[in-house]
Amino acid sequence: MSSIIPLLILIPLAAGMSLLTAGRRAKDLVPLGVCASVVTLVLSILLVNQVGRVTALPSDIAGVSPRVVFAPEAFRFKLPISSGNYPIEWQWQFGADGISALMVLLTGLVGCITIVLATRQIQRALPHYIGLMLVTIAMLMGVFLAMDLVSFYVFFEAVLIPLVLLIHGWGNGEEPGPASKKFLLFTLAGSIPMVIGLIALAMSPVKELESLSRPSTISLSELSQYAAESLVASSSSTVSTQSTWILFLLMLGFGIKLAILPLHTWLPTTYVAAHPNTTALIASVVAKLGLYGIIRLVIPLVP
């Protein structure tokens with residue numbers, strides 16, 4: 001179990017919240033925020049190195065297969081919903097494979113650069129700006145490291161909160177208020193079909209595997225393995241209507257975040273209205289969340 005994974009989320013989150021709640025002492029904590037971004041970058045490099053040193057996984061493992069995992073047994077719950085005749089278990093799971101480790105490294109690198117540049121470019125309420133940037137980085141780390149549906153969705157949507165405040169509060173003089181509202185409305189519109197698709201995905205019974213009496217789960221690695229085995233066990237090549245709707249709902253939600261045509265109109269206004277530092281983080285990392293969700297959830301879980 002890797003101790004680097006929780007630190008990648010907790011260190012920027014703790015530093016960011018300290019800056020946001022310090023009051024008059026916030027200016028004295030600006031070096032703390034810069035140090036937190038540097039430490040986060042160093043930890044992301046260590047995580048990539050840790051993932052690279054893990055031996056190759058067996059070839060029969062399909063779908064999501066994290067090489068480095070953080071899954072404390074104390075955080076295991078039974079959700080009040082069931083799939084078929086089995087209650088759905090939720091264990092708080094975080095992990096990293098080659099794809100997520102590189103996205104963590106990108107987040108750490110861009111986050112560190114933008115925060116260092118902010119100390120020279122941001123004149124108004126610098127501590128609050130750095131604090132919101134650190135919270136955004138922490139939420140992004142949570143998205144890329146989450147290995148269960150609940151954690152993924154919570155961090156995926158939590159990224160929206162500090163970003164809206166950054167766009168609205170430190171705009172570039174091109175109507176940041178309307179741009180932040182448009183970004184908020186588009187993102188919320190995408191979250192509704194996505195959460196419906198995730199709930200349907202968690203509750204859909206795996207009919208081909210019911211004879212194995214496997215407990216239902218929302219773990220990405222187990223769901224992807226079940227989906228692969230279900231696809232092999234199925235005697236029909238016809239795609240079910242339920243799978244089609246789940247695919248449509250997830251692609252709609254991720255498509256808005258990815259800004260695909262015609263769901264892209266929030267992107268140019270946001271880029272123009274936001275501060276260049278904020279735009280750099282949105283363009284390099286946040287705009288990739290939709291594609292990451294497609295690679296991480298849609299392809300392995302809805303084959």
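**Close-up views of a predicted model**

**View 1. The buried face of helix H9.** In H9, the buried residues are Ile246, Leu249, Leu250, Gly253, Phe254, Gly255, Ile256 and Lys257. This is a predicted model, so please read each view with that in mind. Helix H9 covers residues 241-258, 18 residues in total. From first C-alpha to last, H9 reaches 25 Å, close to the 26 Å expected at 1.5 Å a residue. After H9 comes Ala259, where phi is positive, near 60 degrees.

**View 2. Helix H3 and its packing partners.** Running over residues 98-121, H3 has 24 residues. Its reach from first C-alpha to last is 34 Å, close to the 34 Å expected at 1.5 Å a residue. Buried residues of H3 include Ser100, Met103, Val104, Thr107, Cys112 and Ile115. For the surroundings, look to helix H1 (4-21), helix H2 (30-53), strand S4 (94-96), H4, helix H11 (276-284) and helix H12 (289-301), against which the buried residues of H3 pack.

**View 3. The start of helix H3.** Here Asp97 and Ile99 are the pair to find. A side-chain oxygen of Asp97 comes to within 3.3 Å of the backbone nitrogen of Ile99.

**View 4. Pro127 in helix H4.** Pro127 belongs to H4, which spans residues 126-145. Because its relative accessibility is 8%, under the 20% cut-off, Pro127 counts as buried. Beyond its neighbours within four places in sequence, Pro127 is in contact with Leu19, Ala26, Lys27 and Val30. Ala22 also makes a handy reference: it is 105 residues from Pro127 along the chain, yet their C-alpha atoms are separated by 9.1 Å.

Notes: Residues are numbered from 1 along each chain as its sequence is written. This is a predicted model: local features need pLDDT of at least 70, side-chain atom pairs count only at pLDDT 80 or more; totals for chains, interfaces and linings use all residues. Side-chain values use heavy atoms; hydrogens and water are left out. Helices (H or I, at least four residues) and strands (E, at least two) are DSSP runs, numbered from the N terminus. Buried means under 20% relative accessible area, exposed over 50%, partly exposed in between (1.4 Å probe, protein chains only). Contact means heavy atoms within 4.5 Å. The expected span of a helix is 1.5 Å times one less than its number of residues. A polar contact is a pair of N or O atoms within 3.5 Å; within protein, one must be able to donate a hydrogen and the other to accept it, and residues adjacent in sequence count only if both atoms are side-chain atoms.
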